[in-house]
Amino acid sequence: MNSQHTDIAIIGAGPAGATMATLLADRGWRVTVLERSHFPRFAVGESLLPRCMDALAGAGMLQAVENAGYQIKRGVTFSENDRDASFTFDDQFTPGWSWTWQVQRADFDHRLALEAERRGAALRFGQTVASVDFATPGAPQLTIAADDGTRTELAARFVCDASGSARVLPRLLGLDRPGSAPSRAALFTHVADHIDDPDYQRDRILIGIHPEQPDVWYWLIGLADGRASVGMIAPPEWLQAADGPPVDRLRHFLAQEPRLARLLAHAEFDSRVGQTENYAYDIAALHGRDYALLGNAAGFVDPIFSSGVTIALESALRAVEPIDAQLRGAAPDWQTRFEGPIRDGQRVFTRFIAAWYRGALKHVLFNPAPDPAIRTMLSSILAGYVWDTNNPYVAGPERRLDTLCRLCAPASS
Ligand SMILES: Cc1cc2nc3c(=O)[nH]c(=O)nc-3n(C[C@H](O)[C@H](O)[C@H](O)COP(=O)(O)OP(=O)(O)OC[C@H]3O[C@@H](n4cnc5c(N)ncnc54)[C@H](O)[C@@H]3O)c2cc1C
C-alpha cells in the first residue's frame with residue numbers, strides 16, 4: 001500500500017469541501033481532497049440563498065461561478081390552493097445581497113472544485129475514504145479505496161469531513177444521532193419544463209403545498225436553458241401509496257398540486273428520479289482533536305428553506321481560522337469560532353422548519369396584512385442571514401416565533 005503525506009485531508013469535494021480546500025490552499029497549506037465520485041456529478045439542492053453570495057465572495061470564489069449563466073433568484077413564492085405568498089430579497093431587514101442563483105449543482109460543484117484545484121489544492125476523484133485512524137495525536141491516517149480496487153494510505157495533520165450525508169467521520173467515531181423530526185422522504189428530478197405561463201416567475205423558487213395534506217410540499221426551481229428541478233417531500237408511507245417506477249410516482253403526486261400540475265403540463269421528465277428517505281440527523285460534536293465536520297456532515301434537518309449550501313459554505317469559512325491556528329501550534333477556541341456559530345445558524349433554520357411542519361408558519365407567511373417590519377425580518381431569514389443577531393427572529397428564543405405564529409393563526413385554530 002502506498003503512503004503519502006498532506007497537511008489537511010478533506011473528505012468530499014461538494015461545496016463545503018471545495019470551499020474549505022480553497023481557503024486552506026490560499027494560506028499555503030498542502031491540501032488533498034478525496035472525492036469518491038467523478039465530477040461533474042448530479043446533486044440535489046439547486047436553490048441557493050443570498051447569504052451564499054457573501055460566502056462565495058468571502059472565499060474569493062464568486063468569479064469562478066458568476067459567468068456560468070445560472071438562473072437569477074430573487075425570492076420565494078409559497079403557494080397553496082392557488083393562493084400565493086411571495087417574499088423578495090430586496091425587502092430585507094439585514095443589509096445584504098438581494099439576489100442569488102438557482103444552479104445546476106453538477107456544474108456549480110464542478111466549478112468550485114476546479115477553482116480549489118486552480119488555487120493549489122490537490123483533488124483526487126474516484127477515491128473513497130474507507131477509514132481514518134486518529135490513534136496518533138496530530139497524525140491522522142486515512143485509508144482510501146480507489147475505483148480500480150487499489151488501496152492507499154494518506155498521512156495528514158488534520159482531517160475535514162465534507163462528505164455530506166455519507167458523514168464518514170460521524171459514523172466512524174459514533175457521533176451520528178437520529179434527527180428528532182418525524183421521518184420524511186423526497187422524490188426529485190430535472191425536467192425540460194416548457195412552461196409558457198406568462199405569470200410564472202422563474203426568478204424565485206416556488207413551494208407548493210398539497211391541498212389536502214399540509215405536511216406534503218413540492219418545489220419547482222427554474223434553471224437556465226428551459227430546465228427545472230422538481231421534487232416533493234412527504235411522509236415515506238404516503239409516497240409508498242403509489243405504484244410504478246419513481247418517475248411515474250413523482251408525476252402522479254405532482255398532478256395533485258393544481259399550480260404545479262398546470263405549470264408542468266408539458267414538461268419532459270428525466271428518467272432518473274432521485275429518492276431519499278429519513279434524511280434528517282444530528283451530530284454530537286462538530287470538531288475533535290484532529291478533525292472538523294463541515295456542511296451536511298455536521299447535520300441536516302430539511303430542505304424546505306434551501307439552507308444546505310449556505311451552511312456548507314459558512315462552515316468552511318468559519319473553520320479556516322481555527323485549523324490554520326492549530327496547525328501553527330496555537331490552541332484555538334473551536335467552540336466560539338466554529339461550533340457555536342454553526343450550531344446557532346442550524347438552530348434558527350431548525351426553529352423555522354419545526355414551525356413549518358406544525359402548520360403554524362404557513363399562517364405567518366400567508367398573512368394578508370403583515371407587519372412590514374416583521375416581513376423584512378422574515379425575508380432575511382429566507383435569504384439565509386441567520387447569523388444577524390440584530391434580527392429578533394435570529395436572536396430571540398423559540399417563544400418569539402411561536403407568539404408570531406399564534407397571532408397570525410386563524411381564529412378557529
Ligand atoms: C431533497 C433535498 C433537496 C435539497 N434542496 C436544497 C436546496 O434547494 N438548496 C440547498 O442549499 N440545499 C438543498 N439541499 C441540501 C444540499 O443538497 C446539501 O446541504 C449540500 O449539498 C451540502 O453540501 P456538502 O458540501 O456538505 O455535501 P455534498 O454536496 O453532499 O458533497 C459531499 C461529497 O462527498 C463525497 N463523499 C461522500 N462520501 C465520501 C467518501 N467516503 N470518500 C470520499 N468522498 C465522499 C460525495 O460524493 C459528495 O460529492 C437539499 C437536500 C435534499 C435531501
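**Terms and model**

Two strands pair if DSSP finds at least two bridges between them. Helices (H or I, at least four residues) and strands (E, at least two) are DSSP runs, numbered from the N terminus. The structure is a predicted model, in which local features need pLDDT of at least 70 and side-chain atom pairs count only at pLDDT 80 or more, while totals for chains, interfaces and linings use all residues. Residues are numbered from 1 along each chain as its sequence is written, and side-chain values use heavy atoms, with hydrogens and water left out.

**Confidence**

The mean pLDDT (the predictor's confidence in each residue, from 0 to 100) of the chain is 96, and 99% of the residues score at least 70. Strand E1 (residues 2-5) has the lowest confidence, at a mean of 80, and strand E12 (residues 158-161) has the highest, at 99.

**Strand E2 and its partners**

Strand E2 (residues 8-11) pairs in the parallel sense with strand E3 (residues 31-35) over four bridges, and Ile10 stands opposite Val33 in E3. Between these strands the chain passes through H1, and this β-α-β crossover is right-handed (with the strands pointing away from the viewer, the path from the first strand over the helix to the second runs clockwise). E2 also runs parallel to E12, to which four bridges join it; here Ile8 stands opposite Phe158.

The side chains of E2 point in two directions: Ile8 and Ile10 one way, Ala9 and Ile11 the other. All of these residues are buried (under 20% relative accessible area, with exposed over 50% and partly exposed in between, for a 1.4 Å probe and protein chains only).

**Helix H4**

Helix H4 (residues 105-118) has 14 residues, and at 1.5 Å a residue it should span 20 Å, which agrees with the 19 Å between its end C-alpha atoms. The expected span is 1.5 Å times one less than the number of residues.

Its buried residues are Arg105, Phe108, Asp109, Leu112, Ala113, Glu115 and Ala116. They lie on the same side of H4, because they cover an arc of only 155 degrees around the axis, taken from the directions from the helix axis to the C-beta atoms. Among the elements that cover them are helix H1 (15-26), strand E8 (122-125) and helix H9 (308-327), where contact means heavy atoms within 4.5 Å. Just after H4, Gly120 has a positive phi of about 125 degrees.

**Helix H2**

In H2, the buried residues are Pro50, Arg51, Cys52, Met53, Ala55 and Leu56. They pack against H3, strand E7 (100-102), H4 and H9.
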